[in-house]
Amino acid sequence: MSRSATLFANAQQHIPGGVNSPVRAFAGVGGTPLFFKHAEGAYVTDEDDKRYVDYIGSWGPMILGHGHPEVLNAVRAQLEHGLSFGAPTALEVEMADLVSQLVPSMEMMRMVSSGTEATMSAIRLARGYTGRDSIIKFEGCYHGHSDSLLVKAGSGALTLGVPSSPGVPADFAKHTITLPYNDLDAVAKYLAEKGQDIACIIIEPVAGNMNCIPPVDGYLQGLRQLCDKHDVVLIFDEVMTGFRVALGGAQAHYGVKPDLSTFGKVIGGGMPVGCFGGKKEIMSHIAPLGPVYQAGTLSGNPLAMAAGLATLKLVQQADFHAQLSSYAKRLTQGLQERADAAGIAFTTTQVGGMFGLFFTDNKDIRNFKDAVACDVERFKKFFHLMLDGGVYLAPSAYEAGFVSAAMGKTELQITLEAAEQAFNALA
Ligand code: PMP
């Protein structure tokens, strides 16, 4: 029995499903999840000493690759001064200044400890600001697991087939309106009828939790116009896309300015961090400036700020995002060529350092329906064949993949060789 299998058996005694977050359990692909003990650069090493090229990157934070020395040194240096003060620090001021410089719509912001907290707080703020109760989200988008947002959600909620979770009161869920992604008419129609009830629209500007689905041309711009028309707060959930698809996030990439944005993952450099912010006029409603309550014992934690700041400094290097994008392009093109050669119906998507792999001959994947129409059984086999070949993809057909700056020619070659064998085995 492998060490991962032994650990997994033991883990299940005191941890539900043996994991601290559901998708880690390999529920979407079957088999025993790998337990990791080390990560460096583009690779993770499991408890049985097998090394994999890592396209998950801790689900997004490790955009520099694992264990970047400058990030580790920043954390080590901060360590000497204290783990947490529960009081303001110079690091938080530096972080807020830097984020507002990199993402100009972020006039004011609050640091929190997870993406879930960031989106939950942004929604409360939008409700408090507008005095309206209902929100619009899109089918297959995941914004963390707060009650209002766990309705027709993507990611693990979708992988496990529980798009709406028991435990979310119907009285809460009824305030969450779910519309199809990439369908501007559906939003226009809904707002024309009930716009005065809607506090905000929250969207993943590139959907990454129903596989990777980019917005169609004009979609985000159209949402901006509709929100202006109906006085609805537009929230971009950039927890995945932030500092990844471009230095200024998806809002810079597509040239659309949201009212509020949420961040996570990259902004914490691998430490537990989230952030929400935006227009000063709206953010001024947050306590203690205003009446909308939001707080956190570990918010703005100094170690987390040190890791995040070091990461945000490094992603500003010239050509950083162009190189991520170039690797992701070569990866998706290489995979497509090999799938075509093996006669496997296959489609890819890619925006910057984010990518999606779909087992289908549909070349125009736009929404949740398209994502779930793909051949999931084929994905499961592909996932395990890639694992055998030393490549760690997300263990679900409904997650975006991430590339890191630590990836180069060698990793591309390992990946494409594994894929060629995998596609041939599937044919
Ligand atoms: N929003 C998006 C777009 C996400 O992808 C995620 C997590 N994958 C979240 C919010 C929630 O973040 P966290 O897991 O840190 O709570």
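**Close-up views of a predicted model**

**View 1. Helix α15 and its span in the predicted model.** Helix α15 takes in residues 409–426, and because its 18 residues should span 26 Å at 1.5 Å a residue, the 25 Å between its end C-alpha atoms agrees with that expectation. The buried residues of α15 are Glu411, Thr415, Ala418, Ala419, Ala422 and Phe423. They cover an arc of only 135° around the axis, and they therefore lie on the same side of α15. An α-helix has 3.6 residues a turn, so residues three or four places apart point the same way. The face of α15 turned away from the buried side carries Lys409, Thr410 and Gln413, which are exposed, whereas the cover over the buried residues includes β3 (51–54), α12, α14 and β13 (391–392).

View 2. Gly334 counts as partly exposed because it has 18 C-beta neighbours inside 10 Å, where 20 or more would be needed for a buried residue. Gly334 and Thr415 are 81 residues apart in sequence, and their C-alpha atoms are 9.3 Å apart in space; Thr415 is itself one of the buried residues of α15.

**View 3. Cys374 in the loop between α13 and α14.** Cys374 is found in the loop that runs between α13 (368–372) and α14 (376–388). Cys374 is buried because 23 other C-beta atoms lie within 10 Å, the threshold being 20 or more. Leaving aside neighbours within four places in sequence, Cys374 is in contact with Phe358, Phe359, Thr360 and Ala397. Val71, by comparison, is 303 residues away from Cys374 along the chain, and the C-alpha atoms of Cys374 and Val71 are separated by 39 Å.

**View 4. The crossing of helices α2 and α11.** The axes of α2 (residues 69–79) and α11 (residues 302–314) come within 8 Å and cross at roughly 150°. Because angles over 145 degrees count as roughly antiparallel, α2 is roughly antiparallel to α11. The crossing in which α2 passes α11 is right-handed. On the α2 side the contact is made by Glu70, Val71, Ala74, Val75, Gln78 and Leu79, and on the α11 side by Pro302, Leu303, Ala306, Ala307, Leu309, Ala310, Thr311 and Leu314.

Technical notes: Residues numbered from 1 in each chain as written. Predicted model: local features only at pLDDT ≥ 70, side-chain atom pairs only at ≥ 80, totals over all residues. Helix = DSSP H or I, 4+ residues; strand = E, 2+ residues; numbered from the N terminus. Buried ≥ 20, exposed ≤ 12 C-beta atoms within 10 Å, placed from the backbone. Contact = placed C-beta atoms within 7 Å. Expected span 1.5 Å × (residues − 1). Arc of directions from axis to C-beta. Axes fitted to C-alpha atoms, helices over the stretch in contact; angles between N-to-C directions. Parallel < 35°, antiparallel > 145°, perpendicular 65-115°, else oblique. Left-handed = near helix turned anticlockwise from the far one by under 90°.
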